[in-house]
Amino acid sequence: MAPSALLRAAAAALRRRARTAADLPAISLLTHTSTPPPSRSRSPSPYPNPAAWRHLTTLSRRPCQHPRSPSSASAASSSYYVDRILLPTSFSHPLSTSSRSTDKDTDKKGILPPPPVSWVESLLPEAARPYAMLARLDKPIGTWLLAWPCMWSITIAAMPGELPDLKMLALFGCGAVLLRGAGCTVNDLLDRDIDNKVERTKSRPFASGVLTPSQGVCFLGCQLLLGLGILLQLNNFSRVLGASSLLLVFSYPLMKRFTFWPQAYLGLTFNWGALLGWAAIKESLDPAVVLPLYTAGICWTLVYDTIYAHQDKQDDLKVGVKSTALRFGDSTKQWISAFGAASIGGLALSGFNAELGWPYYPLLTAAAAQLAWQISTVDLSDRVDCNRKFVSNKWFGALVFSGVLFGRLAS
C-alpha cells in the first residue's frame, strides 16, 4: 500500500471514530477523563485527539516501506498499521511520539526507583518482616561499613606470617549485624517524627505505623542482650572498651539536630571496631597503630556518609535537620577529597607502623583509586548515583582488608 493510500485509510478511520463518538461521552486518551459530547450544531472534528494527530503527522514525514504482497495481505497490513501504529490507544506524554519511557528518564529526575523484592519480604514470615526491616537486614551495606574496620584491626593484630583469628572475625561479624541493627532501632525510635516527612524514610516501620515504639523498645532489648553475649566472650579490657561505645550509639541520632557534623560523630561510632579489634587480640591498645587506623576510618566515613546525605538534602532543609551535605554545599567534592586523602594517609601510616609487608601498598593504592573514582564521578544532584557510590564503599573496605591480609602474611 502506497503512503498516500495509507494516510487516506488512517484519516477515514479517524472520521469513523469521530462519528461513533458523537453520541457518547468522549474519553480522552491523555487524561482518561470523560468530556461532554460535542454539540450537534457543530460538525465533528475529524481528529478528536491532538496527540493522535501529532503522531500521524510525525509518521507521515518518515519514509514508509509498503509490503509487496497480495491484496489480502495489504489489507491486513493496513489494518495493523492504522490500529497499532498510526492510532495507538495511549501516549506516554502529550508532547511525545513514544509510548514508552526509559529508566534513564527517571534517573535524570533523581528519583530512586522502587527497590527490588528483598529476601526479607520473600522468605521471612509476615510478622517478622517489620523487625527485619527495622534492623536493616535487607540492606547489608551498613553492616559491611561497620564490620570492615574491625576486620582490618583484627588482621593487623595477627602474628606476622599468620592468618587472623577466624573465631574473632566471626564474632565481630555477628556483632556488626547486631550493633548496626540496634543503632538503626535507636535511630528510628528517635527520628520517627522526622522520618514520616522525608520521602526516602517515610516507609520505615515506626514512621509508617507498622510497629509501635513499645515494640521497638522490646526489640532493642533483645538486640542488646545478644550483643552482650558476644561481648562477654572477649577479654576484660575489650568488654569495657566495647561497652563504652554504647554512649556513641545512643547519642548519634540526636547529633543531626544540633550540629552540621553528624557524619563525623557517625565516624566515631562506626569505626570503634578499629580500637576494639586490636584490643580483643592484644588486650591493650598500641596508639602508633590504632590511632591512625581509627582516624582513617573516621575520614572514610565522612566521605561516604556525606555522599549519602546528599540524597536527603532537600528534605533535611524542610524538616530542619543538619548534615555535612548542607554544610559543604557546592564545595562538597573539595571537602571529601581532602577527607579521602587523609583516610589513605592514615591507613598507610598505620600499616607502616604495624610493619605490614609490601603487598599492602599496591592494594591500598587500588583502594585509593576506588575512592578517587567515587569522588570524581558522583553526581551529587542525583539520588540514584549518590546511593550507587555509597554502596560501592564495601569494595573499598574489601580492598583495604585484602591489602592488610596479604601484607601481614608477607611480613
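**Close-up 1. Ile298, a buried residue of helix α15 in a predicted model.** Ile298 comes out at 15% relative accessibility, so it counts as buried. Skip the neighbours within four places in sequence, and Ile298 still has contacts with Ala264, Gly267, Leu268 and Asn271. Tyr265 sits 33 residues away from Ile298 along the chain, yet their C-alpha atoms are 8.5 Å apart.

**Close-up 2. Helix α21 and what covers its buried residues.** Helix α21 takes in residues 393–410, 18 residues in total. From first C-alpha to last it reaches 26 Å, close to the 26 Å expected at 1.5 Å a residue. Which residues of α21 are buried? They are Asn393, Phe396, Gly397, Ala398, Val400, Phe401, Gly403, Val404, Leu405, Gly407 and Arg408. A handy thing to keep in mind while looking: an α-helix has 3.6 residues a turn, so residues three or four places apart point the same way. The cover over the buried residues of α21 includes α7 (141–156), α18 (332–353), α19 (360–377) and α20 (383–391).

**Close-up 3. Cysteines in a structure with 0 disulfides.** Searching the whole structure for disulfides turns up 0. Cys218 is exposed, with a relative accessible area of 56%, while Cys174, at 46% relative accessibility, counts as partly exposed.

Technical notes: Residues are numbered from 1 along each chain as its sequence is written. This is a predicted model: local features need pLDDT of at least 70, side-chain atom pairs count only at pLDDT 80 or more; totals for chains, interfaces and linings use all residues. Side-chain values use heavy atoms; hydrogens and water are left out. Helices (H or I, at least four residues) and strands (E, at least two) are DSSP runs, numbered from the N terminus. Buried means under 20% relative accessible area, exposed over 50%, partly exposed in between (1.4 Å probe, protein chains only). Contact means heavy atoms within 4.5 Å. The expected span of a helix is 1.5 Å times one less than its number of residues. A disulfide is a pair of cysteine sulfur atoms within 2.5 Å.
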